[in-house]
Amino acid sequence: MLVCKDIQKTFDAGSATEKKALQGVSFEMKENDFVTIIGGNGAGKSTILNAIAGVFPVESGNILIDDNDVTRMPEFSRAKYIGRVFQDPRMGTVPNMTIEENLAIAVRRGKRRTLRWGITKNEREVFCEYLQTLGLGLENRLKAKVSTLSGGQRQALTLLMATIQKPLILLLDEHTAALDPKTAKSVLELTDRIVSENKLTTMMVTHNMRDALKCGNRLMMMHEGNIILDVQGDEKAGLTVPDLLKMFEQASGEAIANDRMLLS
Amino acid sequence: MNLGAILQAINLGLLWSIMAIGVFITFRILNFADLTVEGSFVLGAAVVARLITLNLDPALAAWIPLIATLAAVLIGVLAGLITGFLHTVLKIPPLLSGILTMTGLFSINLRIMGMANINLGRGITTLMDQAAGGLSNVTTGITGLFGGSAVDVVSRDASIAVGLVFVIIVIMALKLFFNTEIGYVIRATGDNEAMVKAQGVSTNRTKMLGLALGNGCVALSGALVAQTQGFADVNMGMGTIVTGLAAVIIGEVIFRDKNSHRVFIAVVFGAILFFIIRAFVLSIPWMNANDFRGITAIVIAIALAIPMFREKFNFRLKKAAFGSKEVE
Ligand SMILES: Nc1ncnc2c1ncn2[C@@H]1O[C@H](COP(=O)(O)OP(=O)(O)O)[C@@H](O)[C@H]1O
Ligand SMILES: [Mg+2]
């Protein structure tokens with residue numbers, strides 16, 4: 001489904017602030033894989049998701065989605081394969097447009113835009129049904145601007161927008177990090193439900209080790225632009241937080257100095 | 001200020017409001033400070049003036065003013081595309097892209113006109129003259145029914161009618177367009193470019209389209225203004241952007257409801273009010289048109305700074321209410 005082969009990415013190459021964010025990252029994901037990704041600040045977690053989404057070109061390596069080589073494809077062309085939710089709730093939606101207009105843009109992801117109406121009556125009904133499943137009452141606020149929603153509501157909406165047109169790959173970058181614990185929990189449950197209902201191939205970055213252990217069938221740990229741990233199935237199911245901490249120390253040769261990663 | 005002055009202000013306001021709508025599209029919807037408009041306004045005037053005075057095919061004579069006006073729109077669209085190309089393909093920053101096109105347009109406008117100023121006065125038929133003729137016939141006909149005598153419609157009133165027709169057409173067309181699939185993603189581009197890309201749309205394309213549309217409107221306005229004032233001048237674009245911004249800001253102040261289709265109507269009212277204020281200020285004996293430009297610039301600077309002041313003020317309020325810790 002997704003193949004990353006020896007991806008390298010250096011920011012500000014040749015300058016004093018040069019940063020090797022990805023140092024040859026390789027992995028493969030099967031269909032329906034749900035991988036959680038953990039790692040300290042600056043480990044390269046966001047960078048690998050952005051590289052897959054095509055936010056910037058990579059220096060070397062190949063990215064294949066469903067056997068299509070997308071390495072040189074511009075971001076907007078690959079978007080037909082990819083659904084995304086970002087850490088900042090403002091990033092996934094258009095604040096000055098209404099809920100239904102946002103959904104209407106999202107349901108056409110990867111399709112040619114024409115001079116047909118931006119939203120149809122039929123779609124409105126479908127959106128209503130979808131929004132009902134969130135249980136946030138948004139189905140009664142189709143014509144409300146997204147800027148009037150709370151962070152949690154926006155992330156739920158963004159999640160819906162990312163998946164309403166089923167993506168081959170769903171990329172979630174700390175999408176609950178900016179929310180209060182209670183909202184974060186419900187957005188995470190929603191994520192779990194949407195992913196399993198639609199059998200989505202998913203990569204989820206999180207700074208919460210417990211969430212990383214609880215969700216998905218596979219776990220990767222990143223450190224300084226490398227994947228230093230990649231476990232799945234039963235092996236993953238048997239892991240505990242202390243195990244992860246120990247593995248991190250062994251693999252990286254240093255203790256975790258990063259309290260954000262030391263869970264909540 | 002007498003009624004005549006107010007009517008003249010309404011006339012100018014209507015015609016210039018189409019330019020202000022163009023500025024609204026680039027500045028507010030696309031979030032692109034586009035200075036191309038200073039050139040594309042003149043471009044519209046230049047194209048219309050040249051085509052009308054060419055004395056083309058006499059068989060087409062009755063259609064020439066309309067054809068010339070539409071041609072002005074098309075060429076304005078091209079000007080927008082050039083700025084779009086400079087920005088999206090060549091990666092030149094928005095302000096500079098606009099300045100480059102505007103500067104280039106100065107030479108092009110002179111080439112199109114062949115001279116710095118074309119007179120569209122006596123003996124030359126413009127849209128406004130045609131409208132005045134048509135309206136005179138109609139009103140004479142109507143008064144004739146009641147036994148009255150012939151009525152002459154003054155060109156100012158004919159011009160108001162023409163302006164009204166164009167404003168209505170432009171607003172309806174834009175309202176429809178911005179509710180299409182393409183319209184949606186153009187609106188989204190100015191608000192959240194990353195989201196538009198993530199939804200599979202090239203923001204290079206949406207920006208090009210928005211700039212084309214905006215400058216098409218601006219050129220249309222220039223074409224109509226030239227026909228109403230009876231000349232095109234290579235320097236008539238000076239201060240266009242400031243006038244456009246003023247109309248947009250005044251409009252937004254009157255109709256606080258942003259982003260609904262009513263904003264276009266708000267901008268039209270903004271433009272009309274701007275020209276009424278202008279007429280009033282110019283009626284003060286020691287004021288002249290050149291002073292007014294400076295005053296407008298200062299007022300706009302203040303208006304654009306209001307969000308910043310508001311933020312500071314709110315910040316202080318919050319701080320006072322909750323203590324500094326809870327303020328982000
Ligand atoms: N656009 C950028 N420009 C320069 N450096 C960047 C950029 N994005 C990320 N980096 C750097 O690359 C490294 C990896 O960043 P990132 O992938 O965002 O880390 P994280 O694992 O916390 O998500 C960091 O050192 C970061 O400073
Ligand atoms: Mg990150």
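**View 1. Who sits around ligand 1?** In this predicted model, ligand 1 has a shell made up of Phe11(A), Asp12(A), Lys19(A), Ala21(A), Gly39(A), Asn41(A), Gly42(A), Ala43(A), Gly44(A), Lys45(A), Ser46(A) and Thr47(A). Two elements of chain A, β2 (19–29) and α1 (45–53), each give two or more residues to that shell. The top contributor is α1(A), with 3 residues. Sort the shell by class and you get 3 nonpolar, 6 polar and 3 charged residues.

**View 2. Here is the open sheet of 4 strands in chain A, with α1(A) lying across part of it.** Reading across the sheet, the order is β2-β1-β4-β5, and the pairing is antiparallel. The edges belong to β2 and β5 (68–69) of chain A; each has a single partner strand, so one side of each is left without a neighbour in the sheet. Further in, β1 (residues 2–11) and β4 (residues 60–65) of chain A run antiparallel and are joined by 5 bridges. To find your way along that pair, look for Val3(A), which stands opposite Leu64(A) in β4(A). As for the helix, α1(A) lies across β1, β2 and β4 of chain A and runs at about 65° to β2(A).

**View 3. Chain A also has an open sheet of 6 strands.** This one goes β6-β7-β8-β3-β9-β10, and its pairing is mixed. Which strands stand at the edges? They are β6 and β10 (226–232) of chain A, each with a single partner strand, so one side of each has no neighbour in the sheet. From one strand to the next, the twist averages 15°. Over at β9 (218–223) and β10 of chain A, helix α9 (residues 241–252) of chain A lies across both strands, at about 140° to β10(A).

**View 4. Zoom in on the edge strand β6(A) and its partner.** β6 (residues 82–85) and β7 (residues 169–173) of chain A pair in the parallel sense over 4 bridges. Along the way, Gly83(A) has Leu170(A) as its bridge partner, while Arg84(A) is partnered by Leu171(A). Ile82(A) and Arg84(A) point one way from β6(A), Gly83(A) and Val85(A) point the other way, and all are buried.

**View 5. This is where chain A meets chain B.** The contact takes 25 residues from chain A and 20 residues from chain B. On the chain A side, α2 (75–78) and α3 (99–107) are the elements that give two or more residues, and α3(A) gives the most, with 4 residues. By class, the chain A side has 11 nonpolar, 6 polar and 8 charged residues.

**View 6. Helix α7(B) is largely enclosed by the rest of the structure, so you have to look inside for it.** Of the 11 residues of α7 (residues 181–191) of chain B, 9 are buried, among them Tyr184(B), Ile186(B), Arg187(B) and Asp191(B). The cover over these buried residues includes α3 of chain A, along with α1 (3–29), α6, α8 (193–198) and α9 of chain B.

**View 7. Finally, two helices of chain B, α6 and α9, are roughly antiparallel to each other.** The axes of α6 (residues 155–177) and α9 (residues 203–229) of chain B come within 11 Å and cross at roughly 170°. Ser159(B), Val162(B), Gly163(B), Phe166(B) and Val170(B) of α6(B) meet Cys217(B), Leu220(B), Leu224(B) and Thr228(B) of α9(B). The residues of this contact are 6 nonpolar and 3 polar, with no charged ones.

Conventions:
Residues numbered from 1 in each chain as written. Chains lettered and ligands numbered in written order. Predicted model: local features only at pLDDT ≥ 70, side-chain atom pairs only at ≥ 80, totals over all residues. Contact = placed C-beta atoms within 7 Å. Nonpolar A, V, L, I, M, F, W, Y, C, P; charged D, E, K, R; others polar. Axes fitted to C-alpha atoms, helices over the stretch in contact; angles between N-to-C directions. Parallel < 35°, antiparallel > 145°, perpendicular 65-115°, else oblique. Buried ≥ 20, exposed ≤ 12 C-beta atoms within 10 Å, placed from the backbone. Near = placed C-beta within 6 Å. Pairing = 2+ DSSP bridges.
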